[in-house]
Amino acid sequence: MTRSHTVDFLNSGFVVKTAMSPDFNSKLKAEVEQIGELHALYPELMVPVLHEGLAAGRQFYVLEKKASLPLSAIVLDEQRTLAARRKIVLNALENIQTAIGLEIENQPAQVSDMPARLQEEWEATRFAHDLFDKPVLLNGVRFSITAREVIEKAIEMARGEAFRSVEKAHFNFHFGNVLYDEERSLTHFIDPDFSVSGLDPLFGFSRFAFSFWHELAAEVEDAVKMVPMSDALMFVLAKQDYGNILSEIPEIGGISGLLPLMGENMRNRFYVLTAYCFLRSIRINGSKQPWKTPRSPVIARPEEVLMLGMLTYLEGASVASESLYA
């Protein structure tokens with residue numbers, strides 16, 4: 001995947017986003033406009049742009065200084081207790097709930113074509129379809145459903161649900177874009193994603209839901225090991241803390257953890273949007289090479305970790321076993 005930009009968190013507290021090349025200048029200009037619209041919608045939560053311009057022909061913008069850490073640096077910090085980490089996660093989620101509520105209230109409801117969107121992403125991840133057919137175990141616990149069956153289930157659910165379609169929404173509340181000020185217990189947001197405009201704003205919750213697995217897939221080295229078996233694939237988490245996060249912070253561990261924020265009646269809609277989120281990330285971050293069963297234990301690649309994350313979040317295998325960490 002070609003990255004469109006770099007993001008630098010300066011020691012001074014400012015956040016600077018810069019296009020990788022002039023080819024991506026228009027993308028960053030559109031982001032500046034979207035940030036302005038969201039700041040007008042929820043000014044206490046959205047970090048505003050202080051300055052924008054060109055540096056060596058590349059578009060950049062500077063965000064207001066915040067004495068904050070991205071949620072990724074907090075959730076994966078083993079020096080913090082799980083209870084302390086969960087408290088911060090809950091604070092962030094309350095503010096995400098507020099933002100999504102405002103996004104829904106301030107725009108007319110339209111219907112998006114989620115079955116078609118989901119089918120399109122499924123076709124675009126054809127390189128990993130053999131992987132999706134494999135029975136899976138996580139830390140010795142076998143899932144009762146394959147990833148292909150999850151996608152088939154999501155497509156069928158999508159046909160029976162009505163989804164909103166909005167243009168002005170954040171859509172991108174993953175851990176790196178949620179900043180937390182511990183001293184003042186304040187949450188702020190950066191980096192909305194206009195590339196998925198037209199989706200249901202609940203997709204913002206889906207981006208949060210997949211964040212933990214995206215971190216393991218794309219940001220943390222050697223986070224998950226994959227062990228081929230005669231009839232399945234067994235995945236082993238590299239650290240016991242990863243399993244503890246999933247079991248002790250239910251909002252990260254599985255779909256039931258976030259439903260209190262949106263209502264049980266949103267389960268199917270959220271399931272569909274989250275399956276779509278994982279599939280989309282597999283398309284973007286995956287190797288694009290036709291998947292083949294390895295002959296020996298290997299470090300899991302992004303598409304393998306994300307497939308595992310989708311299964312775990314939506315269909316919930318227990319990860320409590322302490323005897324199988326790498």
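Start by selecting strand 10 and strand 12 (residues 298-299): two bridges join them, and they run antiparallel. Strands here are DSSP runs of E with at least two residues, helices are runs of H or I with at least four, and both are numbered from the N terminus. Two strands count as paired if DSSP finds at least two bridges between them. Now click on methionine 226, which stands opposite valine 298 in strand 12.

Before you go on, note that this is a predicted model: local features need pLDDT of at least 70, side-chain atom pairs count only at pLDDT 80 or more, and totals for chains, interfaces and linings use all residues. Residues are numbered from 1 along each chain as its sequence is written, and side-chain values use heavy atoms, with hydrogens and water left out.

Five bridges tie it to strand 10 (residues 224-228), and the two run antiparallel. The hairpin between strand 10 and strand 11 goes through four residues. Look for proline 228, whose bridge partner in strand 11 is leucine 233.

Time to go inside. Which residues have the most contacts inside the largest nonpolar core? Select Phe132, Trp213, Phe235 and Ile252: they do, in a core of 100 residues. Helix 11 (residues 267-285) gives the most to this core, with ten residues. A nonpolar core is a set of buried Ala, Val, Leu, Ile, Met, Phe, Trp, Tyr and Cys residues joined through side-chain atoms within 4.5 Å. Buried means under 20% relative accessible area, exposed over 50%, and partly exposed in between (1.4 Å probe, protein chains only). In soluble globular proteins, nonpolar side chains tend to be buried together.

Stay with tryptophan 213 for a moment. Leaving out residues up to four places away in sequence, tryptophan 213 touches Leu138, Leu237, Leu246, Phe278, Val305, Leu306, Leu308, Gly309 and Thr312; contact means heavy atoms within 4.5 Å. There is also a second, separate core of five residues, including Leu137, Val227, Ala232 and Met234.

Last stop: serine 72, in helix 2 (residues 71-75). Is serine 72 buried or exposed? Serine 72 counts as buried because its relative accessibility is 15%.
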